[in-house]
Amino acid sequence: MTQHGPGRDGFEDVAEAEIAERQRLSVVWIIPLVALLVGAFVAWRVLSARGPEITISFKSAEGLEAGKTKVKYKDVEVGLIEDVSLEKDLSGVVCRARMVAGAENYLRSDTRFWIVKPRVAGGQVSGLGTLLSGAYVGMDPVVSGKREHSFIGLEIPPIVTLHEAGRYFVLHSTRAGSIDVGTPVFFRKISVGQVVSSELDATDDFVTTRIFVRAPFDARVHTDSRFWNASGFNATVSPDGVTIDTESVISILVGGIAFEARDGSGAPLAEPETVFTLFESREAADRPNYTRTVAFLVQFDQSVRGLNVGAPVEFRGIEIGEVTSVKLEFDPKRVRFRVPVTIEIEPERIAGMPLAERRDHAALDRLVAGGLRAQLKSGNLLTGQLVIALDMHKDAPPAKVLWSGAMPELPTLPTPLEEITASLTQLVERLSKVPVEKIGSDLSASLAALRVTLVKSEGLGPALTNTLQQAERTLASTDALIGPDSSVNSELRRALLELSEAARALGLAAEQFQTQPSSVIFGKEGNQ
Amino acid sequence: MSRQEQTALEASCASCHDCGLLTRVPRGGAHGMHCPRCGAALHLRKPRSLERTWALVIAAAICYLPANLFPVMTVTSFGKAQSDTIMSGVIYFVSHGDWPLAVVIFTASVFVPLMKLAILTFLLISVQLRSSWRPVERTRMYRLTEVIGRWSMVDIYVITILVALVRLGNLATIEAAPGAVFFGAVVVITIFAAESFDPRIIWDRSATGS
């Protein structure tokens, strides 16, 4: 600029510009600085809000959308599914989820994930909200255990989240019945819990069912509480008839487990994870639990149709045990079929029962000597069920207890019905002893003799005819004599008329006599 | 250079932006001048044009990243929230066959800001390198930047109107997301950057270079 000096081109009178201090650095650099700071702050916030990345594998990605589906706990967003991809072997899907910051504390090996979607199960409807908002991944956080970043998602939502107050109990049963995960648990017909799992024991001996009883109902479970299967409706056909019992309409549809505490028992509260027996039915649960059983064997030579395992063993009509097995055996030595029936008697049911000791030979021997016998009896005529009845039969044929087997064998008596059959058989036997053939031959001999007599009497014929003809003639003449037009007849009629006339006259005379006795002497008054 | 193509600078003169008074530039200093008549600051060129433009372009470039990475809009419909970035919106319209809309959004929201940043950066570098390459085209590019810049605000306007209009409670709600702020910042800052750039420098350099 210096080369264009003043005074050139006639600009001498142009005003001089003023010169001020020069600024070192423009303020405008504040703008990128602010942008950088804001950008860095936002980036830091985003990055710090990013929690750990986890993978969850599911069988199916139904309802899952990468970048949209959220991971929630108690409806609070704790993560986002960022990517859904197939497993390498196509056996399922792997979801990559970005959790929020701080979530790593809840990602332990026990943490569970599941897909929440509308579901109707276990008598209840859940996840209806997801109809509009779409499915999300539910999470059940755990604060203790090993940290984990890879999870296997549950196919069905867990029944109980780990933070729900209540207690778990274990039930043992021989069959699962209609009990499944989610089956309600009833206490006095109120649903107080659910079945958490139901699986076979490691030894396959029984089914282990874990249940969760919500607080405060878990305080109702005492050490002596009884659990029974309230699945569906329980129709029991017993010698007492048909009993139908149900816990609720829901339990008819989805099954159920009910429990009840013993009345008035001061049993302590059950600890969590206490093992209980799951009874088949309420009756089984209500039945007093006798700890001691004594097994006996009884043999029947007759049909045991109607005798089921579990059939009661009664003593004078009081149940004291039950049938535990009914078998059919073949004895090749004696070529005989036998039906050994094992019964279990609970001696505690009988006050003062001397059978308390299983091998108390003398007592049992005395009882049998006194007439203790087992008998098959019809428990229910309608259903044809049989019970085993024990009783003292004084007049029974003498028998002894067989101690040779694994369990003592009690002598048996034939059934009353069998006795009738037996006497009928005897009757038939006696009938068969009747000499029908001899009677027949005698009868035929008699008939032959009769025939000879008849042949001999054939000569009497003409004479008999003559006699008959004469008799006819005699009858004809008799008829002529006393017939309606015969003279004898008319005379006889006249005679009778006269006789009646005479009788009338006599009647009049008698009347006369009665009214005027004097007329006998003095004659009729009218005549005087 | 012909005689007719003499600039005010070459004549050691400056005109006041406010009152139009032509002043003579004093010897030895071109900075801190004031108009003797109205007192306005006098510049031969926009002061610190390159420095300011650089600062604004860098600021815009910084804001451009979050503007595209963050969602600009959150649509909540029937309880289902959906956040969309600019690109996801474009992809949404493309996948639904709304090509014209997709082109408009892409041009206004992605292409134009990016182009502005690129042109300004190119102009700055070329000026800094004292390039004399095609000054006419470069000036044309600058004018294009100035004219087209404000159209990028279309996106922001759309979001603003939607946020104000779509307030249907649970049925549908639209909310602006952080990306919109950054996007607005990009547009505004690039407008300022284009404003602060003095196209006369292009000619100064090319003139001195030649």
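In this predicted model, seven strands of chain A form an open sheet with mixed pairing, in the order E5-E8-E2-E3-E4-E1-E9. Strands are DSSP runs (E, at least two residues) numbered from the N terminus, as are helices (H or I, at least four residues), and two strands pair if DSSP finds at least two bridges between them. At the edges lie strand E5 (112-116) and strand E9 (150-152) of chain A, each pairing on one side only. From one strand to the next, the twist averages 30°, with axes taken as lines fitted to C-alpha atoms and angles running from 0 to 180 degrees between N-to-C directions.

Within this sheet, strand E2 (residues 70-73) and strand E3 (residues 76-86) of chain A run antiparallel and are joined by four bridges. Tyr73(A) has Val76(A) in E3(A) as its bridge partner.

Beyond its neighbours within four places in sequence, Ala59(B) is in contact (C-beta atoms, placed from the backbone, within 7 Å) with Ile31(A), Pro32(A), Ala35(A) and Ile189(B).

Residues are numbered from 1 along each chain as its sequence is written, and chains are lettered from A and ligands numbered from 1 in the order in which they are written. Local features need pLDDT of at least 70 and side-chain atom pairs count only at pLDDT 80 or more, while totals for chains, interfaces and linings use all residues.

Notes: Contact = placed C-beta atoms within 7 Å.
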